[in-house]
Amino acid sequence: MTGADRILATLARKGGSRLLDVAVRRALPDKPEPQPKDRNLLRGAVGAVALRVATSSVPGAIVVVSGALAKKLYNRRRERKRAGPKKASPGT
């Protein structure tokens, strides 16, 4: 491995984690979402089944997490559409 390759590898390791951290922070913000008011027995049962599948196997965890992420992104897009288009500021 050449010196340039070592430098690039170090930058990718150090900078890649920051890049991944920013992407995850942007996709999944830290502020909690308000709890839905229509909580019921069916939602609780579905959550318990999803938790059981996620903890029993790695493929199950991948399916459950990807489904939850897809739902979160779908809800965010729906909220953005409901809010309407943003107007551009005069300076841009």
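The protein chain has three helices and zero strands, where helices (H or I, at least four residues) and strands (E, at least two) are DSSP runs numbered from the N terminus. Its mean pLDDT, the predictor's confidence in each residue on a scale from 0 to 100, is 76, and 76% of its residues reach 70 or more. Confidence is lowest in α1, at a mean of 72, and highest in helix α3 (residues 58-83), at 86. Where pLDDT is low, the predicted coordinates should not be read in detail.

Of the 92 residues in the protein chain, buried ones make up 2%; buried means under 20% relative accessible area, exposed means over 50%, and partly exposed is in between, using a 1.4 Å probe and protein chains only.

Now back to arginine 76, which counts as partly exposed at 27% relative accessibility. Which residues does arginine 76 contact, leaving aside its neighbours within four places in sequence? They are Arg26, Ala27, Leu28 and Pro29, with contact meaning heavy atoms within 4.5 Å. Arginine 76 and alanine 27 are 49 residues apart in sequence, yet their C-alpha atoms are 9.7 Å apart in space.

A search of the whole structure finds one salt bridge, meaning a side-chain nitrogen of Lys or Arg within 4 Å of a carboxyl oxygen of Asp or Glu. The side chains that meet in it belong to glutamate 79 and arginine 82, at 3.3 Å, N to O. Side chains of opposite charge can pair when their charged atoms come close. Because glutamate 79 and arginine 82 are three residues apart in helix α3, about one helical turn separates them. Glutamate 79 counts as partly exposed, at 43% relative accessibility, whereas arginine 82 is exposed, with a relative accessible area of 55%.

Finally, I would point out valine 24, which lies in helix α1 (residues 3-27) and is partly exposed, with a relative accessible area of 43%.

Technical notes
Residues numbered from 1 in each chain as written. Predicted model: local features only at pLDDT ≥ 70, side-chain atom pairs only at ≥ 80, totals over all residues. Heavy atoms only, no water.
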